[in-house]
Amino acid sequence: MTAIAKRIATLAAGAAVAASLWAAQGRVAGGYFVAGDAKAGMQAFFDKGCVRCHAVLGEGGRTAPDLARAPGGHLGAAELVAAMWNHAPAMWERMRAQQLAPPKFTESEMTNLFAFLYSVRALDEPGDVERGRKLLSEKHCLTCHAIAGQGGGAGPDLRKWTSYRNPVSWIQAMWNHAQSMQAMMAERGLSWPQFHGNDMADLMASIRALAPAVKGHVYLRPANPEGGRRLFREKGCVACHDIRGAGGGRRGPDLGTRALPRSLGQFAGLMWNHAPAMRASIGTRDLPLPQFSNQEMSDLIAYLFVERYFERTGDAGRGRRRFEEKGCASCHAPTGPGTALSGWRGGGSPIPVATALWNHGLLMLEKMKERSVPWPRFRPGEVADLLEFLSGGQHGPASAEAKP
Amino acid sequence: MSVRINRRDYLRLAAGGVLGTAASGLSLRGVSQFNAALAAEEVQVPGGPENWSPGTCWLCPAGCGLRVRTIGPRAVKIQGNPFHPVNRGGLCPKGLAGLQELYHPDRLRAPLRNVGSRKSPKWREISWEEAVTTLGSRLRRLRASGQTHGLVWIDRHERNFTSRLVRRFLTAYGSPNYLTMPSGLDAIQTAVYLQQGVRDPVAYDLEGAGYLLSFGVDLLEGWGSPVSTMRAFGRWRDSAGGRRTKFVQIEPRFSITAARADEWVALRPGTEAALALGIAYVLLTEGLYDADFVRDHTFGFDDWRDAAGRPHMGFRSLVLGEYRLNDVSELTGVPAETILRLAREFGQNRPAVAIGDRQTSTLPGHPYAAMAVHSLNALAGSINVPGGVLIAAGPPLEDTDAAPSVRTAPPRVDATPEHPFPGHHLHRLPQAILSRQPYPVEAVLLHNVNPVFALPNGDAFRRALLEVPFVASFTTFLDETSVLADVVLPAPTGLEQWQEAGSPPTFPHTVRSLSPPVLPARHRARHPADVVLEVARFLGPPVAGAVPFDSLEAYLRHCVNNLFAAHTGSVFSTGLDETWNRLLERSGWWAPTYSDAEELWEQMKERGGWWVPVSPSGERERAVDTPSGRFEFYSQALERWSREHPDFARSAGLEPGDDHLFLPRQPPLPEAPRGYPLLLLPVEVLPLSGAEGAHLPYLQQIAGPHLFEAWDSWLEIHPETAHKLGIADGDRVWVESRRGRAQVRARCYRGARAGVVHMPLGYGHTSGSRWACRGANPLLLIEPHYDPVAGLPQTSGTYVKVYRS
Amino acid sequence: MPRWGMVIDLAKCTACQACVVACESENNVACVSPEEAGRRRILSWINLLPEIEGEYPHLNMRLMPLPCLHCDSPPCILVCPVGATDLSKEGLVRQTFARCIGCRYCTNGCPYTRRVFNWFRPEFPGDLAAALNPDVSVRPKGVVEKCTFCSHRLLKAREEAKAAKRPLAEGDYVPACVEVCPAGAMYFGDLEQHDSAVSQGSRNARAFRLLEEMGTRPKVIHLSEGEWSGGQTRS
Amino acid sequence: MDRPGANYSLPDAILLQPIMAARRSFYYVALALLGGASFGLAALLVQLRWGLGVTGLNVPVYWGVYITNFVFFIGISHAGTLISAILRLCDAEWRRSITRAAEVITVLVLFFGVGSIIVDLGRPDRMLNVLRHPNFRSPLLWDVCSISTYLTASTIYLYLPLIPDLAILRDHGGKYVWFYRFLALGWRGSERQQRILKGAIGVMAVVVIPIAISVHTVVSWVFGMTVQPMWHSTILGPYFVVGAIFSGIASIIIAMALIRRIYGLQDYLKPIHFNNLGLLLLVMALLWFYFTFSEYLTTFYGGEPSHLEVFYSKLTGRFAPLFWVMVASCFAIPVSLLSRARTRTVAGTVIASISVNVGMWLERYTIVVPTLSRPRLPWAEGTYSPTWIEVGITLGFGAAFLFLYMLFTRFFPIVSIWEIREGRELALPEAAARIRSYMPGETSDTEGKMPSISTREIRQ
């Protein structure tokens, strides 16, 4: 079919497609985006056969973990490669059992694949109606709100928003009314509802189920991280929040180091959870609570996510220690039998590591088995340190006998 | 007279002759002349610049995407559009044969006016101006006499933009009478309405299904949208998928669909409902049904008491009491072990789907039986879940494109009080016309339809149309219906016009296919919509104001503007884009490739259309709108209606208020009249499905592959039955019912049930084109009777006798 | 050197015959008159071969799409007295229409009956000749014709690849029948390329070659239907 | 009526009579035959104009009556040359009056054999492609080669013994002396000329036998080399050769009977000739039966389904009537007539021969058509019945053949005059000497060596 697809591609050359979750409007130096093309990454995900075992958000094979859902938290590129690394031997074992050859990747393919995985992990899942229904009562939503006329009348009928398909939109709508809502809840002695994990999506699903009449969908357009960065300053976030000591305020948590949830919607949920505290804090400083359009909120969150993709949080010194501890040095030292990694060009980026893992890893595993070296496993943060160390080039120039 | 030839003369003559012949034959000139004569016979194909254009298939309602190869001014090949979500590059034989329709020698070449009588027409070519004036002044007169509701428009499809334009025109003009040809899904649609309370089109996520029971549905022979069904079939058996969906075909005849199924279950004709309820019996007794779904989302499963405290029978009691395994086995002729096994497989392989009752692409099944089959879906919990039965979301522009309101019109001419659930009941039109009830029909406009040929009561249609004062037909061929018209207006084929299609039948996604003309229209053909717009202008306000568009193209642009305003969906693209967009849309992001309506329009023209890749599944409640708010095994809608219509119970042969009237049940089986021992079941064959295709040689050639039949109808008869009647394979026989008789070739077929004979539908044209007028139309033998619930014509009870001619 | 082959998965085939019509329309195969069709003189290059077994209600029917099998040892090309049919280096069994003398020895030599003969001059009534493909010559009366695996498409694909300065890739060259199969039951490609779909298909456990025992070594390989086994494919 | 030559006092004057004068009936018959031929010609023209579609051929029965005719005609051609050469080499003295009649059959019928193939071509205009683009792997091309060789050889073999008779005609005076003079190549009957002629005839007689056998073997290979059921058989070569000789002998007998009757040559073609040929025919009938039995038994015993399909379609199926008529007319009738001396009369042998020829045509037909009707794949069974075009062309060929044969007798002596004379004058002592040489105790110059024609002398 590819020939036909190609012919069609020329036919439809006009219809340039640049759809990604992070609409890269400024793909120039200084612009914020996730390196690589997520859709091309998905192509690689399909073409290389990953999809035969792995799914993303339920699309694909069922024999291996859903890469969008597991592990649960936010993973930057370094953590992605660590997860890959740690599971590689088990995966190869299963592939061998099924007589599948591990695919090989070029660096650009790996870049795209990472962009894809990072993007897809930021997506929210469709909610679970049953769970949402339980949440509705647990969170006392129906005390104030009605759904299609059923429930309390103090707040607006939630049916109004059933066409909103994105949890971020919901949070944004709530956010903008947080003030009045807080007041009303205080009046009724209700605690501020907290949303964790997929709660928001589940709530949305059950609300939609209960208010079936509204047709049409309101979606968010792909977020613009560059715009998000601007908003971060314009809306005054920077006054309280810092991003890894980049000159922001210290009153709020540093958004560059704090653990992120997996998806954008979950992040929005966290914002919501902290709204009263934030308001309180803002209130003391006499600043207005920032108001967002829903596209603005998604831009802002996207900015924070993209910021965390290639976080260089590692420490070269710690990395050197890891290099020794994990046994890497026994082979990859300049005099070792393996490829010397010192001064590895681009070694500071996770992409070449992942590429090398796929292209040479199996061979390496066998060599390690011969020499009874255990396959190293990395805990969170360790890979970042290692990468920082490797890119630092402390060990001098690459040795002459480096193997390809 | 005696001519003496002496020896010398004779020899001279002989020698001269021989030499002369030899000389002329062997001389170089002779040889070259002979060769030149042969070369002149050879067909030279002119070349030219090559181009590929997107197109939309017009040969069935599915509207698959096409890519059309043109060489200079000629279209030379039709292929599938790989971007089109319905067919993804594949195409069925019908679509591929489209070029034979485009270049058909018998196409109408100009508007025609009948200058003879209606019964024996004489045709004169007229200009388009004259045609429009004729049409317009006729409608103007009708309006002047206050009879606007006497106008009836019969359409082919009702789910595309053009049909919306026509409805808008009719509403503005003042007629409620927009009718369409039956789709064959009417029985299922009725069951879905009775049990789920929704009128939106039913759809099936076939690709996602894990187990499929088809109760006589011609899944691979033209049902629904054929290519997407075939694609799903291919996916079921894709070994890379790791799992194979089992597909069980339940029908009396070993059809192509049955042959390709994983299992074929032969049953006594007309007992599909009993078998479905027998399977339900096993599911209930063995606890294999989705108890959570049944508990939380259904109504009428257990016995219940109404508000007045009257006890009512529940589905469980009905099934356990009246459809016991052995009884069902005896009635259907299916071994009890088979039923047991089917039920266990159905209960254990989720998502499991049941489709039925017995459908062809033109003939509906029985609504009660459809309810019985649909109840299995409820037992399996397959209502509106991925891989189950879905309710297709309406197109998003529904609300933004409402027709301008005019004064309220009287009820539709086919909406008779006997039947509660009006869909389109075209077969009732003849009676309405002939009886002039509820009001006289003054004019009928036909849009690419041929009810005289394709409906079971075609002859009544013929008689009725002759009574209508004015009939006009938009058509590509002078078919059986068009010959009854006063004015015949040549319509172009899908390659010569703005071709568009709505969501295909049974396809779960909202789809809008659209493509510009590939070639200029041949033979002075004009798109009916353009003619309607011109007639509207002729009529002046308010009609003209209601459809303020210069051309169909302008209207389509208007529709696309609405599509853009809906802020959802995406332009057709690769499967990869589809997955990506689906991932995004499901989590609330919309990443279109266009930023305004203009770009959307351009991209739709290039790619062939727009669609919503997210399936409407997952929200069960949205698919139910019944009084109980749940799936109803016991149809309260039917119950409420019957209270006002006591005749209903009587027509079903039951006491008013009997609970059986509102629960699924096995309809009574017709009995064979004396002297007519064989049951005739007309069957669908893919090349001629939907009663269309007989005019194309490509399709005629492949009509009956299992028997090497081509170009002619045949009668499938079991070899033993044939032997008893003294009929040999290939004999010409008469098939005679009480309604008429037809001559066909008998073919012994081991896949026919003893005592049952089959004839393919789609044959037996008497007008239209040189290639179509072959074989016999089994519908002329069928004695249709109408079911009591929806009044759908039932074609399964016709008995015939067969004898050698 | 590629060796072109085709795999037809009978498990996926719906017997719709789209391949038949796609082929006829691509290759200018004329439709014969109904009377001629009655004498089985239909010219289609690919047909559905029905094979029914058993008695009602225990029946099985195999409907096998059958183009020319492009044998590696084709019995048909040996017998042609004028060399009008040959095996190309890439394994296509070709027919030179302009040289064929119409002796029909090849039609009889083919154990699969996959060759057809132009009994009459092909007819394209009305404007039907407008739909003819200029890449394929229209055969005159009196010559034998057959499936070419749409070899004109190979020429075209090769030219296009050459123009784009790249090697011929899998999927560049696909016959009309394969391209259009709605169920995706047909695969086409290079049997020598071990990771191509056809090569993998040819090694599938369900693979069989029709009348293999004749030693014809066909390059059209069918995959048998397989069966449902509790939700798992048995392949 | 003026009948030139009637007053010649030569001993064999009667042999020249047909050449010197023709009876009116000759013209009537000739006209009738020409009419038959033109009917065939008309059919042929129709076929050329519209294509082979006008025949009853179809899918999968691509070959029918034409190919049957081809094999049949080529078979008959063995009549001639092969029989005459064998008899000549064996010094069968009774051959003398029949060799010419046989050789003519060969040459003429070969044209119709070749003609049948050309008529069967879809593109006869491209016939010469077999020379332009020959594919030597095709048995059909082997056929082209062997048949053209055979035609050349048998024409020479017909012509050589004709030379002395042409000289007789030249010297005899009458019409077309220039014609006979041209053809007689200056034959004077000198010793050298006689030696050369006899040497040439001897060589040709030896050469023509393997060629003739090869021709029919190759014809059988056209079928045998394919893998079709009941064609693909090793026995087919000898089976076809036996069949060919069988039908050839039958044809000679019929031709002899006609000549004998029409030209009053009872004195030359005596019952003994018919008796001898009848015995030969009997032998061939038995041989034919042996081969047929062997072939069908092997097929049956092998039990390959595709072969059995064809087998049963012949023995019990659709082709059974043709098959059993063939068995009756090739075996039952001739054997019952010929095995008894009482029925091995002129009439008896002629009846047997007609029956054999009918049977052999049917044999060819039941070899060609049933196999094609039942292809290997479970395809729909083929049905075939020839149309009037095929019947017409077949009849036309038959008529044209008879016409040409008649024309030959009108221009050349159908019984070899010089060989008769030679026999009369030399054969008896020679035969006596030869027989003596078989006897014990006899020695002679010709010890260990067969007396040959070249040692003898012909006197005019």
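**Exercise 1. Is D:Leu297 buried, partly exposed or exposed, and which patch holds this residue?**

Step 1. D:Leu297 has a relative accessibility of 41%, so this residue counts as partly exposed. The classes run like this: buried is under 20% relative accessible area, exposed is over 50%, and partly exposed is in between, with a 1.4 Å probe and protein chains only. The areas themselves come from the Shrake-Rupley method with a 1.4 Å probe, and for residues only the protein chains shown count as cover.

Before going on, keep in mind that this is a predicted model, in which local features need pLDDT of at least 70 and side-chain atom pairs count only at pLDDT 80 or more, while totals for chains, interfaces and linings use all residues. Residues are numbered from 1 along each chain as its sequence is written, chains are lettered from A and ligands numbered from 1 in the order in which they are written, and side-chain values use heavy atoms, leaving out hydrogens and water.

Step 2. Find the element: D:Leu297 is in helix H10 of chain D. Helices (H or I, at least four residues) and strands (E, at least two) are DSSP runs, numbered from the N terminus.

Step 3. Now look at the surface. D:Leu297 belongs to a nonpolar patch with D:Phe289, D:Phe293, D:Phe300, D:Tyr301 and D:Tyr312, and together they have about 660 Å² of accessible area. Patch residues have over 30% relative accessible area and no salt bridge; like charges are joined within 9 Å, and nonpolar side chains (Val, Leu, Ile, Met, Phe, Trp, Tyr) within 5 Å. Helix H10 (residues 271–302) of chain D gives the largest share of this patch, five residues.

**Exercise 2. Which charged end sits over the ring of B:Phe83?**

Step 1. Recall the rule: NZ of Lys or CZ of Arg must be within 6 Å of the ring centre and within 35 degrees of the ring normal.

Step 2. The answer is B:Arg607, whose charged end is 4.0 Å from the centre of the B:Phe83 ring.

**Exercise 3. What is the strand order of the four-stranded open sheet in chain C?**

Step 1. The order is E8-E1-E10-E9, with mixed pairing. Two strands pair if DSSP finds at least two bridges between them.

Step 2. Find the edges. Strands E8 (186–190) and E9 (207–208) of chain C each have a single partner strand, so one side of each lacks a neighbour in the sheet.

Step 3. Look inside. Strand E1 (residues 4–9) and strand E10 (residues 220–223) of chain C run parallel, joined by four bridges. C:Met6 has C:Val220 as its bridge partner in E10(C).

**Exercise 4. Are C:Arg41 and C:Glu36, partners in a salt bridge, buried or exposed?**

Step 1. A salt bridge is a side-chain nitrogen of Lys or Arg within 4 Å of a carboxyl oxygen of Asp or Glu. For C:Arg41 and C:Glu36, the closest N and O atoms are 3.1 Å apart.

Step 2. C:Arg41 is buried at 0%, and C:Glu36 is buried at 8%.

Step 3. Now take A:Glu93 and A:Arg96, whose salt bridge has its closest N and O atoms 3.4 Å apart. A:Glu93 is partly exposed at 42%, and A:Arg96 is partly exposed at 46%.
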